[in-house]
Amino acid sequence: MSYFAHDSAIIDDGASIGEGSKIWHFSHVMQATIGARCILGQNVFVAANVIIGNGVKIQNNVSVYEGVVCEDDVFIGPSAVFTNVINPRSFIERKQEYRKTLLKKGCSIGANATIICGVTIGEYALVGAGAVVTKDVKPFSLVVGNPAQQTGWISRYGHQLVFDETGTALCAATGEKYQLDNEEVRRIV
């Protein structure tokens with residue numbers, strides 16, 4: 001086995017788990033695809049057909065339901081919540097109505113945030129703790145509140161970006177340069 005799974009973890013037949021990944025206490029992975037170097041904390045549930053990229057960290061008490069796709073280097077904070085049906089009813093089966101939720105490369109979801117199905121969280125975006133995301137989140141944006149609203153921009157390293165009059169900002173940690181044009185941010189390489 002090229003990954004670690006705690007003795008109390010349940011890994012269903014058909015699950016694909018990448019090299020160097022770690023699955024901790026009381027977690028359950030169904031027939032999902034989990035990339036290399038991922039960490040699933042205590043009491044994490046990953047449903048069938050979920051796709052998790054490389055280097056993803058999912059903290060304790062998170063259920064990742066069918067329809068969720070995580071690209072590489074995504075962080076999901078403790079007790080974050082995902083949904084997969086927009087109008088659930090216990091007496092109506094709606095498995096054919098699952099909506100795709102896409103977490104793009106490097107984005108972070110704060111503790112206790114709720115992500116309503118059918119949205120895309122952009123590259124390196126940061127969803128604040130407790131936020132309720134009901135619509136798409138732009139790359140490099142910082143969103144907070146219920147419903148989540150954008151309050152600023154964030155670098156790949158998680159530092160707030162402050163743009164000058166030319167629409168340019170530097171990451172305080174790395175000196176990387178970012179450009180703001182028409183309410184869209186891109187990193188200048």
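# Strand pairing, aromatic pairs and nonpolar cores

Val 68 has Thr 101, a residue of S15, as its bridge partner. The model is predicted, so local features are given only at pLDDT of at least 70 and side-chain atom pairs only at pLDDT 80 or more, while totals for chains, interfaces and linings use all residues. Numbering starts from 1 along each chain as its sequence is written, and side-chain values use heavy atoms, with hydrogens and water left out.

Strands are DSSP runs (E, at least two residues), numbered from the N terminus. S12 and strand S15 (residues 101-103) are joined by 3 bridges in the parallel sense; two strands pair if DSSP finds at least two bridges between them. Both belong to an open sheet of 6 strands, ordered S3-S6-S9-S12-S15-S18, with parallel pairing. Its edges are strand S3 (16-17) and S18, each of which pairs on one side only.

The structure holds 4 aromatic pairs. Rings of Phe, Tyr and Trp (its six-membered ring) pair if their centres lie within 6.5 Å; planes under 30 degrees apart count as stacked, over 60 as edge-to-face and the rest as tilted. Phe 45 and Tyr 65 make a tilted pair, with 6.1 Å centre to centre and 55° between the planes. Because Phe 45 lies in strand S8 (residues 45-46) and Tyr 65 in the loop between strand S11 (63-64) and strand S12 (68-70), this pair ties together parts that are 20 residues apart in sequence.

Tyr 124 and Phe 140 are stacked, at 5.7 Å centre to centre and 20° between the planes. Tyr 124 is in the loop between strand S18 (120-121) and strand S19 (126-127), and Phe 140, 16 residues apart from it, is in the loop between strand S20 (132-133) and strand S21 (141-144). Together with Tyr 178, these two residues form one aromatic cluster.

Buried means under 20% relative accessible area, exposed over 50%, and partly exposed in between (1.4 Å probe, protein chains only).

| Residue | Relative accessibility | Class |
|---|---|---|
| Tyr 65 | 33% | partly exposed |
| Tyr 124 | 17% | buried |
| Phe 140 | 7% | buried |

A nonpolar core is a set of buried Ala, Val, Leu, Ile, Met, Phe, Trp, Tyr and Cys residues joined through side-chain atoms within 4.5 Å. The largest core has 38 residues, of which Ile 76, Leu 103 and Ile 121 touch the most other members. A second, separate core of 9 residues includes Tyr 124, Phe 163, Tyr 178 and Val 185.

Conventions: Helices (H or I, at least four residues) and strands (E, at least two) are DSSP runs, numbered from the N terminus.
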